[in-house]
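Trainee: Could you take one part of this model and go through it slowly with me? I would like to follow the charged side chains and how they pair.

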Amino acid sequence: MLLASLFHLIAGLALLLFTVHYIYYVVTALQRSTSNSMQSEDAKYIKKRWKGGTIEPHPTEKALIVNYKLEAAVFGEPGDPMLEDKKDCQRIIRLKSLNSKTDPAVLAREVVEKCDLIHRSQLSDIEQIIYYLKNRKNAEPSASSSVGVGAVGSQRSVSRVSGKVSPMMETTEKASIRNIDEYIELLYEDLSEKVKGSRLILQLARDPDNLEELEKNEAVLSALSRVLREDWRRSLDLSTNIIYIFFCFSTYTSFHSVIVNYKIGSLCMDVIDYELRRYDQMKHDLDARKSGGSVAAVGQCAGESAAVATATAIDRRDKELATGLRSSSEQLDTIIDQEKPKEMEPPRRRIPELKQRPKSGNWGSFHAGVGLPGSTAMSASLIKAHSMNNSYHEALSYESAGGTGSTVAALSSISTNASTDSLSGLSGGAASTPQTPGSTDGGATDRPDPRKQKDDYDKINKQFKLFARKQEQLLRVAFYLLLNIAENVKLEEKMRKKHIVRMLLKALERQNFDLLVLVVTFLKKLAIVRDNKDEMCELNIVEKLPRLLQSQKDLVQMTLKLLFNLSFDARLRAKMIRVGLLPKLVTFLSDDKHHGIVTKILYHMSLDDKIKSMFTYTDCVPVVVDLLLLNLNQRSDPDLIALGINLALNRRNAAMMIENNRLHNLMSRAFKCQDTMIMKMIRNISVHDTLRMHFVDFVGDLAKILIELLKAK
């Protein structure tokens with residue numbers, strides 16, 4: 001009985017708790033609905049605004065794609081947003097009136113006036129895009145039919161239908177940090193896909209906001225370092241892209257650990273050393289071909305006996321070059337890669353020059369003549385360079401005909417064509433029938449045409465210059481990365497042990513202005529260390545600098561700073577005199593931009609007694625005195641007056657200083673400004689016996705000053 005009553009009590013309590021909980025749920029639901037209704041009543045207005053973005057040409061249609069960001073906010077009270085949202089949007093503006101006779105400038109102004117998403121500052125960009133659309137060739141029907149209205153993301157389907165990569169897809173594809181996993185997968189595909197993946201990752205790395213995210217992604221960094229370590233010899237573009245990615249990290253000291261952990265600095269030095277040696281080998285082969293052509297021309301102009309002698313000399317030269325043929329072929333596997341030059345600039349944008357395709361069409365006749373006497377000096381490296389650069393030349397011609405975006409399609413088959421052409425060129429040379437000592441008829445009948453050889457050489461030389469321009473792009477990015485991480489003294493010492501100075505001096509022989517400025521800047525930094533300075537002295541750095549003083553002002557200024565760092569060494573100062581730098585430096589004294597640094601260099605040179613006398617053969621002495629007299633400040637330039645004091649110790653220099661009544665002007669300035677440094681220079685002039693007679697007129701003034709000073713004490 002007791003147990004039953006206890007059970008009824010527990011059941012009653014449970015029912016009571018359930019009832020209370022249900023009532024609480026109903027009450028809270030009513031309160032929530034009431035608050036929502038009140039909140040909806042509080043929402044008084046909605047505010048929308050948009051921010052303009054990039055403008056791109058449509059991949060298949062004659063239309064503009066305007067990217068913009070739409071921001072919407074729900075406000076209850078002014079300045080109190082209740083709800084905010086942002087969305088990336090696109091608008092397609094179809095240019096129905098665009099045809100071959102349309103004026104791009106007029107149409108661009110009309111578009112800007114009618115579309116409120118485009119700011120007037122983007123008028124020039126609109127005009128360029130319209131000009132591009134006007135001259136662009138129409139896409140293939142099969143490709144264009146697969147594109148939906150405004151479907152920018154359907155470019156991949158266009159490529160699959162047409163069976164080739166769409167040029168606009170390569171140029172307009174914008175990288176996104178959300179697709180980083182897809183870009184990593186591309187690094188595990190074939191070479192062209194690796195280049196594409198590295199290019200997309202480079203787009204992300206060039207945005208400083210993405211660097212921290214990329215640093216945390218070990219998969220990206222590991223894949224990039226692995227590809228660079230394994231495939232940097234195969235493609236200049238791939239090497240340039242990956243090194244540029246790590247260069248973006250090197251611009252910030254906090255990310256230098258990324259460079260160190262993945263040993264990118266050591267890889268960069270390996271790449272630089274290899275590229276410099278490859279350039280030298282190609283240049284040597286090109287010079288050998290040029291000299292071979294001249295020998296063949298002389299042989300043709302001579303008689304039959306001279307022709308036989310020339311053929312014998314050529315055979316002897318061929319035997320000497322045969323040993324280097326295989327190594328050259330292996331070393332120069334890839335000269336021009338699958339992509340056109342990128343916008344590599346740290347700091348400026350590089351746009352490839354538009355070239356016209358040679359009238360000769362192709363180089364098949366050249367490959368056919370590889371086995372002829374006189375043309376055998378062409379090594380395997382130049383054959384491969386010529387064939388691969390020819391494909392790159394075709395891409396540039398295609399670009400000039402169809403716009404910037406059409407280059408990628410023309411470059412898509414360079415790799416296979418290059419390997420095929422180089423093999424055919426080598427096989428052509430191997431298939432030629434060798435000449436025996438007794439068979440002179442073949443050399444007489446198959447004598448090469450000197451004019452044809454000269455044309456072939458000129459064409460190959462042009463292709464070689466294209467390759468050099470692309471290689472210099474890679475060298476610049478690699479050197480820039482090393483310069484950034486050289487802030488660490490330990491890393492700089494490791495670079496010295498791996499002969500960074502020798503590589504930099506080798507790069508000084510190039511003609512690229514931006515590369516030269518960077519190299520000279522790097523050398524200027526290294527020159528403050530004695531070991532580096534001594535190595536520069538041994539490698540004759542001074543002999544390489546005079547030509548740089550004839551360039552633009554930025555390079556001249558950086559070269560003068562390098563000379564100043566080197567001028568602390570007496571041996572290097574003597575070399576500067578021997579190479580004739582003194583007259584050149586004196587000409588910069590009157591230049592306001594270079595005056596300060598040149599004065600310091602000349603001061604260092606004036607420390608040597610033997611060099612003081614050489615100043616008399618320049619305009620330095622009268623220029624220094626005139627600059628001192630024309631100075632409007634009370635105090636003289638300390639560097640300039642120090643130079644004058646040193647020069648005054650030489651008798652001939654002192655005699656030049658007091659010519660044309662300059663001594664009177666110097667005395668007047670010294671008394672007026674009470675300049676002790678000018679008085680010290682005048683005192684050095686008076687040391688010379690032959691010049692003391694010029695001071696007779698100033699004895700009274702000097703005595704008066706002396707008496708006043710004694711009274712003041």
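**Charged side chains and their partners**

Mentor: Arg94 is partly exposed, since its relative accessible area is 35%, and in this predicted model the residue forms a salt bridge with Glu61, with the closest N and O atoms 3.1 Å apart. This pair links distant parts of the chain, as Arg94 belongs to strand β3 (residues 80-94) while Glu61 sits in the loop between β1 (45-57) and β2 (63-77), 33 residues apart. Glu61 is likewise partly exposed, with a relative accessible area of 25%, a value that falls between the limits of 20% for buried and 50% for exposed.

A second pair brings two helices into the picture. Asp231 forms a salt bridge with Lys194, where the closest N and O atoms are 2.5 Å apart, and this pair too links distant parts of the chain, with Asp231 in helix α10 (residues 218-231) and Lys194 in helix α8 (residues 191-205), 37 residues apart. Asp231 counts as buried because its relative accessibility is 7%, under the 20% limit, and Lys194 is also buried, at a relative accessible area of 9%.

Arg510 lies in the loop between α22 (500-507) and α23 (513-526) and Glu472 in helix α20 (residues 450-485), so the pair ties together parts that are 38 residues apart in sequence. Arg510 is buried, with a relative accessible area of 3%, and Glu472 counts as buried at 9% relative accessibility.

The chain contains 35 helices and 3 strands, and buried residues make up 46% of its 713 residues. Among contacts with a separation of 6 or more, 72% come from residues 24 or more positions apart. The accessible surface of the chain comes to about 37,900 Å², of which 54% belongs to carbon and sulfur atoms.

Finally, there are charges that belong to a patch: Asp181, Glu182, Glu185, Glu189 and Asp190 form a negative surface patch. Glu185 is found in helix α7 (residues 180-186), and this residue counts as exposed because its relative accessible area is 53%, over the 50% limit.

Definitions and conventions
Residues numbered from 1 in each chain as written. Predicted model: local features only at pLDDT ≥ 70, side-chain atom pairs only at ≥ 80, totals over all residues. Heavy atoms only, no water. Patch = residues over 30% accessible without salt bridge, like charges linked within 9 Å, V, L, I, M, F, W, Y side chains within 5 Å. Areas by Shrake-Rupley, 256 points an atom, 1.4 Å probe, with all protein chains shown as cover. Salt bridge = Lys/Arg side-chain N within 4 Å of Asp/Glu carboxyl O. Lys, Arg positive; Asp, Glu negative; His and termini not counted. Charge placed at Lys NZ, Arg CZ, Asp CG, Glu CD. Helix = DSSP H or I, 4+ residues; strand = E, 2+ residues; numbered from the N terminus. Buried < 20%, exposed > 50% of the residue type's maximum accessible area, 1.4 Å probe, protein only. Contact = heavy atoms within 4.5 Å.
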